[in-house]
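Here is a short report on one model.

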Amino acid sequence: MIKITKITLLSILLIGLVSCNSDTVEKYDFEKPITVQKLDYSSNVLYMDAFVDDYNSIDSVFIDGRKMGFYQSKKMIAFQGSDFVNAYSVMNIWQKGVSTDVVLKKSEKQKVMLNYSVDFSEDNEISMAGDFNGWTPSKTILEWHDTAYQQVVFLAPGKYPYQIVENGEWKLDQFNTNTAPNGQGGTNSVLIVGNTNDKQVSLITDNHTQHVISVLSNSKDIQFIVLFNNKDISNAVVRGDDLLITIPAKAKQYDLSYIRVFAYNGRKVSNDLLIPLVNGRVATDIAQLPRTAWQTNIMYNVFVDRFSDGNSENNNPLPENIVLPAANYNGGDMQGVMDKIEAGYFANLGVNTLWLSPLVQNVEGAYGYWPDPETKFSAYHGYWPTSFTQINPHFGNSVDLHNLVGQTHNANMNILLDFVANHVHEDHPFIKEHPEYATELNLPDGSLNLERWDEYRLTTWFDKFLPSLKLGDELVARTVSDSATWWITEYDVDGFRHDAAKHVPLSFWRMLTREIKDSVVMPTNKQVYQLGETYGSSELIGSYVNNAMLDAQFDFNVYDAAVGVFASGNLMTSLEEKLQESISVYGSHNIMAYITGNQDRARFISYAGGEVKFDEDAKKAGWTRKIGVGNEVAYKKLQQLMAFNMTIPGIPVIYYGDEFGMPGGNDPDSRRMMRFGEQLSAKEKENLEVTKKLISLRKSNMALLYGDFIYMQAEDSSLAYARKYFNNTVYVVFNSSDVEIKTELVTQADTDLELLKANFNGKLIIEGDKIFIFVAPNSFEIIN
């Protein structure tokens, strides 16, 4: 509760009165919060145009009161990460007497000595491959020093799966007893860095009035940083038993603004708080927020060719004697998507953002090869572009896209297009006229630079007919960047899902984001969301998510951990650890994307039901046998995955068909034609209703959108956590075992036990001052 003494109350009223006197008639829609700038442990170069519109008008830059020198005029500043001691710092960028304030987060990396104590041999070649180096042995070669093969690396606290590569043979580290399943039927050794059991500093939203927000912490020895939009207001905060934050009067001028709170104790950081304000008052209902308040989004991945055929005249598949139906155009198009919008499919489901697979013109011929059954492939998926701006006629035309965007917006939904920047098809005029714009296919050692995902991350080709572009070249990058921006200015789409983001240099994402800001955001105040696809460590994924780059990426690491737990029976603690790592890296209120599946993997439900084995070739399985659901307990397991995604921070993403449990092997079997209505089985209809209920719960509860994330317990087969937004708390419990469990809910102090209810099939029992929840086997419960 808010505890206000007479002196505190007077202070708050005076602050409010002074602020009120500064009110003007100006009105603002929105000011995008500058995200926390993650620093490197060594050298840092910060580009000023990532934070302000016109870096030439900068007068000075200070970090924690220390004036910084400019590098290359006023374009950037450079410094060492070790120059600053605390976990968080504040950078003040001054322009004409007004500062833009940015929170900087110090790297948590520390020096780690890797050891492998096998006997010395002149013939030994020892290296390590793991999460910390993209599973690339050549990046971490161990050298002999006295008693062991060693190498120094710098890593943040956490757990890192790895394997030893000894003379070309991959194996477990025989000198390390810490292991974990690899999610593919095998085992990895695990390197533990730092004390992962350290008690963390935590913040929770306590209460609010019309003018004041109260925040609690579990530590008295703590430093706070409080921002209103991009202005540090920490000096106006009153500290007592609570942290009392007066909402600035200027907040009334904004349709949407934010209070953000960060805390630290030395090098320990807390969770961060994000509190949305609507016209100066704390938001209490999603209906108050615009569709571009990204934390409120629930995304649906429409794989266009396989979703709905609304216009059979544009189907035009390739001959079946060349391309089998599974690898051919199946007829889905933009008209089919519009038909489903009009029929209310997405509204009934509850999603509010559509992500469409690529609509750009692709090659018309057949490419690639699969031996059994023998077939080539059409470009039905959209990832073999032969144009930067023309629309694939199989999916419709420019009028269709204008209509689709308009219809989507009229339904109060966002629309994202899948954009392919990394590569083009060899028949693309751009590369035919300028073959020098492609990266090298032939490597110096005579091998081909094909699918070298990590070793040659920024140059590798996906196939011999798909040249990767030299996006480090400014002319090439500008051409691609201009085309991406054109899709927004021409069609008013709300952003992109960027294919193969990790294979594109950071300089390109800076260029594209700046161009979108100059051409779209600043002139129109339109908010654009950019989502990348990167497989790799959280450090690699996070390197693309920063100011002036991508807003988010898919968190495949959490997905892999969730699949391991819900579909394969791994320990629930492994999911908790991976989720904690992600929140630590990406923030407590990140807008990363959390998937139920995607077009490049076998369907979750077929893994969960045992129809696809984790140690088999799922692509081959999809071609050689009919893949179904298998054991029907898989529906319960899919519901757990859906409930998990709908109750953690970030943006849930539903791969089409996962809402009811479509089965399948890996692609193209994971890309079957969508089914609707009476085409669904009774079990699938039941599963669809659970998905709808979960979406409805998320959309109707601010705690699941902006709430603090509170861990309660994680055991071998159970996980419990809470989301708290002021006096609204939601409790979530999972049971991945085959027996019913009884778990005590450790409730928040302001929780009225008598008012709690279970939303699914769990049983709540109050025993004295304690409350217990019974959760059925392979199930979950959400209590509020």
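## Sheet, cores and a buried valine

An open sheet is built from 4 strands in the order 18-19-23-22, with antiparallel pairing. Its edge strands are strand 18 (203-208) and strand 22 (238-239), each pairing on one side only. Strands here are DSSP E runs of at least two residues, numbered from the N terminus. Two strands pair if DSSP finds at least two bridges between them.

This is a predicted model; local features need pLDDT of at least 70, side-chain atom pairs count only at pLDDT 80 or more, and totals for chains, interfaces and linings use all residues. Residues are numbered from 1 along each chain as its sequence is written, and side-chain values use heavy atoms, with hydrogens and water left out.

Strand 18 and strand 19 are antiparallel partners over 5 bridges. Thr205 has Val215, in strand 19, as its bridge partner.

| Strand | Residues |
|---|---|
| Strand 10 | residues 110-116 |
| Strand 18 | residues 203-208 |
| Strand 19 | residues 212-217 |
| Strand 22 | residues 238-239 |

Next, the cores. A nonpolar core is a set of buried Ala, Val, Leu, Ile, Met, Phe, Trp, Tyr and Cys residues joined through side-chain atoms within 4.5 Å. The largest has 187 residues, and Tyr300 and Phe346 touch the most other members. A second, separate core of 19 residues includes Ile34, Ile58, Phe79 and Met91.

Val112 lies in strand 10. Val112 counts as buried because its relative accessibility is 10%; buried means under 20% relative accessible area (1.4 Å probe, protein chains only). Leaving aside residues up to four places away in sequence, Val112 touches Gln151, Val152, Val153, Leu155 and Val193. Contact means heavy atoms within 4.5 Å.

How values were computed: Buried means under 20% relative accessible area, exposed over 50%, partly exposed in between (1.4 Å probe, protein chains only).
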